[in-house]
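I opened this model to look up its charged pairs and its nonpolar packing, and I keep my notes below in the order in which I checked things.

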Amino acid sequence: MATIRISTRGAKRIRQGHLWVYRSDIRDTGEAAGGAIAEVLDEASNFVGQAFYSDRSEIALRFLSTRKEKIDREWWRTRLRGCAERRAAIAGETNAYRLVYSEGDLLPSIIIDVYDGHYVLQTLSQGSDFLKDDLIGLLVEEFQPRSIVELNDARVRQIEGLESRRAVVYGDHSQEIEIAQHALRFIVSPDIGQKTGAFLDQRENYRAAQQAARGRALDCFTFNGGFALHLAAVCDSVRGIDISTEAVTVALRNAQLNDLGNVSFEVANVFDALRGMESAGERFDTIVLDPPAFTKSRATVKSGARGYKEINLRALKLLNPGGVLITCTCSYHVSEQMFLEIIAAASVDARRRLQVIEKRGQSRDHPVLLSVPETHYLKCVIARVIE
Ligand SMILES: C[S@@+](CC[C@H](N)C(=O)[O-])C[C@H]1O[C@@H](n2cnc3c(N)ncnc32)[C@H](O)[C@@H]1O
């Protein structure tokens, strides 16, 4: 095993619980090749841990362990079993969930989602990509999947110098998979859609939104109708909007699949649609805002915040008194505090008083590792207009 030396600052970061060391904290890479698991020492030659080494990314080391243990096939098997055991309750409730959430599960740069026995694998660093075949073999041995799809076209792979690839790597893959969430049926196409097929991170927020929703509802950025279909069960009518024609086509099919006659979907830009509805004097009792990340780096946080404020302001103006706003950000760079401040500023401009019903995050199968703040990206605020 190759040995890599890191700075005192880098070692401190790991000893404080983070899993990453940046390139600027690497002192000597020794013989380590990109993609290897290396032993990491501090400047005084004390053992720090064992980590995936990348020779391209600014995140040069992703720690797998801070113990002197053997990282062999059985080690990986144990880690995968741990992930499955921690999700036993979730797997009893739905057939679609995230089995492995990278750093959140101490398995950096590895994501594995399950859709009714079909597995979707992402290996997002040189180290995890090197182990891909072993991971596929272990998934087959441990979980007997119906199929495994490798969904390796995320942009982060370019940073690692890895090719972009989508391929069925095991079993009988079906282009369309039916999943169940809270007794609703959804069609998912992992190898062509957004994310790995569904926004599994919102699953528990669908239920929370359903509990707060009522009356005439609007689901902005609906994708395949995740929120819209859940709201349909408790609302008089639901209107879903998304800019993607493919997403709306699937949303319509999902509504039919569940015999829901009170949901409609349209292809539109939400920014334009909200402006148009304001001019037309439309009003709603429930509005969901679940946009794509408006900021993906620290440098664009200000412009991202302007986007969040605009849609929240416009939505608040469309809400009837007593109306419910379910508003989300999936940008890691917008903290919960910052998001609450944006919503508060929007409510002041809209001359509405907003009462927070719930502050939520991503579903339990996307666990936040407290010492790695980057694992907490999704924020969902449910609030009521009380004046
Ligand atoms: C985070 S996803 C929404 C996920 C969805 N709420 C769910 O739970 O499945 C963001 C969605 O916004 C759509 N989108 C992006 N920009 C948009 C825009 N300006 N107007 C309408 N939809 C947009 C994308 O096509 C994508 O489906």
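I looked up Glu278 in this predicted model and found that its relative accessibility is 28%, so I noted Glu278 as partly exposed. Its side chain meets that of Lys317 in a salt bridge, at 3.7 Å from N to O. Because Glu278 lies in helix 10 and Lys317 in helix 11 (residues 301–318), the pair ties together parts that are 39 residues apart in sequence. For Lys317 I noted 30% relative accessibility, which again counts as partly exposed.

I then turned to Arg239, which forms a salt bridge with Glu282, with 3.3 Å between the closest N and O atoms. Arg239 sits in strand 15 (residues 237–242), while Glu282 is in the loop between helix 10 (270–279) and strand 17 (284–289), 43 residues apart. Both Arg239 and Glu282 are buried.

Next I checked Asp42, whose salt bridge with Arg15 has its closest N and O atoms 3.2 Å apart. Since Asp42 is in the loop between strand 4 (37–41) and strand 5 (47–53) and Arg15 in helix 1 (residues 8–15), this pair ties together parts 27 residues apart in sequence. Asp42 has a relative accessible area of 7% and is buried.

My search of the whole structure gave 38 salt bridges. I also recorded a network of salt bridges that links Arg73, Glu74, Arg77, Arg81, Glu141 and Glu142.

Last, I looked at nonpolar packing: the largest nonpolar core has 36 residues, and Tyr115, Leu231, Val238, Phe265 and Ile326 have the most contacts inside it. Helix 8 (residues 226–232) gives the largest share of this core, 5 residues. A second, separate core of 25 residues includes Cys83, Ile90, Leu135 and Ile136.

Key: Residues are numbered from 1 along each chain as its sequence is written. This is a predicted model: local features need pLDDT of at least 70, side-chain atom pairs count only at pLDDT 80 or more; totals for chains, interfaces and linings use all residues. Side-chain values use heavy atoms; hydrogens and water are left out. A nonpolar core is a set of buried Ala, Val, Leu, Ile, Met, Phe, Trp, Tyr and Cys residues joined through side-chain atoms within 4.5 Å. Buried means under 20% relative accessible area, exposed over 50%, partly exposed in between (1.4 Å probe, protein chains only). Helices (H or I, at least four residues) and strands (E, at least two) are DSSP runs, numbered from the N terminus. A salt bridge is a side-chain nitrogen of Lys or Arg within 4 Å of a carboxyl oxygen of Asp or Glu.
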